Amino acid sequence: MSKVRAVNGFEIREESNKDNRRVIIIEYKIDNEFFAQSTYYDMDEEKINKIEEKLKDYTSTNQEAEELCRTISLMTIVNAVEKIIFDY
């Protein structure tokens with residue numbers, strides 16, 4: 001990616017908390033450096049796979065962008081993730 005700074009990577013981690021709930025943490029990255037994160041609880045594997053597919057698509061678009069106006073904003077990315085999670 002040229003000098004455009006947009007979310008162009010992510011990592012999905014799974015943890016469990018003291019109540020044994022399944023915790024999913026999505027880290028959003030810019031040039032492999034932490035930028036922001038979201039935490040969700042009790043998601044099934046199907047939703048995690050859909051989220052991963054969507055994030056791969058959006059971050060690859062941002063990796064290829066040469067102008068900021070051609071990137072997908074973090075708000076749009078988080079909104080798409082939450083649409084999958086909350087089924088709306």
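Mentor: Isoleucine 25 stands opposite threonine 39 in β3. This is a predicted model, where local features need pLDDT of at least 70, side-chain atom pairs count only at pLDDT 80 or more, and totals for chains, interfaces and linings use all residues. Residues are numbered from 1 along each chain as its sequence is written, and side-chain values use heavy atoms, with hydrogens and water left out.

Trainee: What is the mean pLDDT of the chain?

Mentor: The mean is 93, on a scale of the predictor's confidence in each residue from 0 to 100. 97% of the residues reach 70 or more. Confidence is lowest in strand β1 (residues 9-16), at a mean of 94, and highest in helix α1 (residues 45-64), at 97.

Trainee: What counts as a helix or a strand?

Mentor: Both are DSSP runs, numbered from the N terminus: helices are H or I, at least four residues, and strands are E, at least two.

Trainee: Why is α1 called roughly antiparallel to α2?

Mentor: Look at the angle. α1 and helix α2 (residues 74-86) pack at about 160°, with their axes 9 Å apart. Axes are lines fitted to C-alpha atoms, for helices over the stretch in contact, and angles run from 0 to 180 degrees between N-to-C directions. Under 35 degrees counts as roughly parallel, over 145 as roughly antiparallel, 65 to 115 as roughly perpendicular and the rest as oblique. So α1 is roughly antiparallel to α2.

Trainee: Which residues of α1 and α2 meet?

Mentor: Contact means heavy atoms within 4.5 Å. In α1, the residues include Ile51, Leu55 and Tyr58; in α2, Ala80, Val81 and Ile84 are among them. By class, the α1 contact with α2 has 8 nonpolar, 2 polar and 3 charged residues. Ala, Val, Leu, Ile, Met, Phe, Trp, Tyr, Cys and Pro count as nonpolar, Asp, Glu, Lys and Arg as charged, and the others, Gly among them, as polar.

Trainee: How many bridges join β2 to β3?

Mentor: Strand β2 (residues 22-30) is joined to β3 by 8 bridges. Two strands pair if DSSP finds at least two bridges between them, so with 8, β2 and β3 pair. They run antiparallel. Lysine 29 has phenylalanine 34 in β3 as its bridge partner.

Trainee: What makes β1 and β3 edge strands?

Mentor: The open sheet has 3 strands in the order β1-β2-β3, with antiparallel pairing. β1 and β3 (33-41) each have a single partner strand, so one side of each is left without a neighbour in the sheet.
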